[in-house]
Amino acid sequence: MTDPKPARRAEALRLHRKLLPIWSSDQRFRGWLTTNNNNDIGGLFLIVATIFFVIGGILAMLIRAQLASPGSAFMGPEAYNQVFTMHGTVMMFLFAIPFFEAMAVLLLPGMLGTRDLAYPRLGAYGLWVYIFGGSAVIIAMLLGLSPDGGWFMYPPLSSSAFSPGIGPDVWLLGITSIEVSAIAAAVEVVVTVLRYRAAGMSLARMPIFAWYILVVAVMILTAFPPMILGSLLLEVERAFGWPFFQTENGGDALLWQHLFWLFGHPEVYIIFLPAAGMIATILPVMARTRLLGYAWVVAAVVALALLSFGLWVHHMFTTGIPHMGLAFFSAASTLVAVPTAVMIFSWIGTLWQGKPRLELPMLWILGFFATFVIGGLTGVMLAIVPFNWQVHDTHFVVAHLHYVLIGGYVFPMIAAVYYFLPLLTGHSRFFKLGEIAFWITVPAFHLTFLAMHWAGILGQRRRTWTYDAGSGWEWINLTASIGAFAMAIGFALVIGDVVVNTLVARKARRNPWGAGTLEWATMLPSPVYGLASIPVIAGRYPLDDDPQLALRIARGEGFLADTSRNRRETLIVSTTGGEPAQVAVLPGNSVLPFILAVVTSTSFLAPLVGAYLLSGAALIGVVVVALIWAWGLGSKADEGPVDAGRGVTLPLSTEVPDPPGWWGSLMLLLADSVHFGSLLFGYAFLWTVAPNWPPPSYLAPGAVDAVLAGAGAVALLAGPRWAARSILKGAGPWPGLVLAVLGAVALAGAATGIILARPDPAGHAYDATLWLLAGHVGLHVAITAIMLGYLTARVLAGYTSPRRIGDARIVQLWADFTALTGLVALAAAWLPGVFG
């Protein structure tokens, strides 16, 4: 009897050779500009984020060199202010978030049992926007043009009166462009986790990291918009004099702090939770068991995310918050210890029930435990108002932040890099620098930041460039600086160890850790197509449940193993149950994401040199390139259900009412809704708290304005629905499209009336806010009008049919949002004048 194994391997190899040309990128240099494969995009993300980490580390060493001795002449105050501002900016915006996004892009498709992320080109676009924005910030620093007011950019210090150069503008525009990249990644992650999974992978069967990263992505969509709004307000104030933060003209500098920390405190958990997800993934494998309390951990993650949005004021305890507010936010700040403790005890219980092995990833996780618990306890200390008042703006707060972010984020991410190194590179470790690096880095870290806690309790203020001899801080700072340089050596050894083992180490065997999750079901390194076929699973640990699953996937026994259609296909499943629902056709390599990133970045960065016309032209370019991008999707003919394998036929994702573009639009509109809500919050804050209110006069709407707004909103709600129903019935959509266009014009007319009635937005914060409300309406009317024109062209070109209704449904979604938020914005502008 013949051995079937060689025949099975030959079958898997034949399928591998068929899939490679379909999914591969251009191997020439231009391939880096056109690729949208998650392996390429994630790898570039990881490399660039690591480079920024090195830059941020060098800046940290400059800070510690300056503070090593009293009265140091190593740096002057101007240079020191730029250095500490850029250190925080680089680490928070250019390293921490992009690094975990890179890991998610690389690992998430394999974990979920799909072939790529939902929007490969969107991922490529986000990568290039990040690179351009981050490079602009670093180049400005090298030219001496970086900001010097802290990574939090508090006005009035960051206002044009006290920071007249372009440094703050570099921060505001460069960082905002990077936040656009983060939102693009978040949209991609949410839709991927909800819809792009292996058959049978219900939400309850998802790997635990998928839950963590899903919650984090939703947090990005809801936490970043307040920061984007704050950056917009401050940049407009600096450029055009609109007085949002100027007390004498009805503004209030505290508005910036509220908007910033509405973003800034959730960001701490946005950074921590992916690292916690890595721990929850790696720890059970290192302990040779399964995660204890999966459902409790998921509930704790969701609870922690929700609580994080109710804590922002604890960064503002010294700003004159009423006592009731202090009590509420203090209690809420201590409450976060509960879901955090659930996770910690789950991990401890997992270790207890298993048989831990002290591999290098496990060492770094133990370093996390020893560090993060201290950071958490000092966080509880800072939540207590009297103690907070004593140590606010001291080095105690700096030390606490680093305990949470380095101990709670960097250490677990290093563990993750070592754990997934065989999957990402195909190599197992040979050179053992990692252990040496660990035993240098972790003790040096504690030496540095325990000393900084001590200095803070003794009263050393942060953000001060020097201190006097005899203050009692000399030996503490010297100790912290020695520890910091030792820690830098340790991190350098980690990077060197990873690079060396990536390039020259021995080839790894498949699934070297014996993990049970799907990312280890591929050959090593993971091929460009991920999985040769989409598996059917029945549990959270499919490789443990079926040891032969990896081979069956490779032989094509799952879904979508047929390559005869010669296109990139993957499976879309139902959101909760994971039943096969659609076949998604992913786009191939394209230079469009790179071009769109260039014009997007130009629109953000051109104002730095006063090139407003170029910025406007770039915005037009964004619209043009986006339309060309969208036009290339879809088909002019109905294909009908296709063979998905295993005897199942499924519709294409372009021939269903909720195509991937509809889901992506829904996520974008979630972020847009939070942005709009933040605008209303700012309006209400100025109205109730800011000095010099009420304004000299209120805006009173005319009857024509009210009629235009009401009729326009109704028409904009009804028109796209009428058009979509007509397409569904095979009739012409023209009456509905015309009605929608008329509604958009009417709504725009009502918004224009506000601008004409209050022609000077620089006179008072009230007038400036009215312009923003009208601008919100006008911008969304313009977007909806462009989409209506696009839908008209698609209908004329034959891209729609009763099956291909997706374009019309997407336009309807945006029109609904424009109409409803337009009415709310106009009401907010008019009602004070009606009742005042």
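Strands, like helices, are DSSP runs numbered from the N terminus (strands E, at least two residues; helices H or I, at least four). The model is predicted, so local features need pLDDT of at least 70 and side-chain atom pairs count only at pLDDT 80 or more, while totals for chains, interfaces and linings use all residues. Residues are numbered from 1 along each chain as its sequence is written, and side-chain values use heavy atoms, without hydrogens and water.

Next, display residues 568-573 and 580-586, which are strand 1 and strand 2; they run antiparallel and are joined by six bridges (pairing requires at least two DSSP bridges). Val-573 has Pro-580 as its bridge partner in strand 2. In strand 1, six of six residues are buried (under 20% relative accessible area, 1.4 Å probe, protein chains only; exposed is over 50%, partly exposed in between).

Move on to Met-343 and Trp-347, the residues with the most contacts inside the largest nonpolar core, which has 275 residues. Such a core is a set of buried Ala, Val, Leu, Ile, Met, Phe, Trp, Tyr and Cys residues joined through side-chain atoms within 4.5 Å. Helix 4 (residues 77-112) supplies the largest share of this core, 23 residues. Another core, of 11 residues, lies apart from it and includes Ala-199, Ile-534, Val-573 and Val-583.

Finally, select residues 642-645 and 648-650: strand 3 and strand 4 pair in the antiparallel sense over three bridges, with Gly-645 opposite Val-648. In their hairpin, Arg-646 takes a positive phi near 55°.
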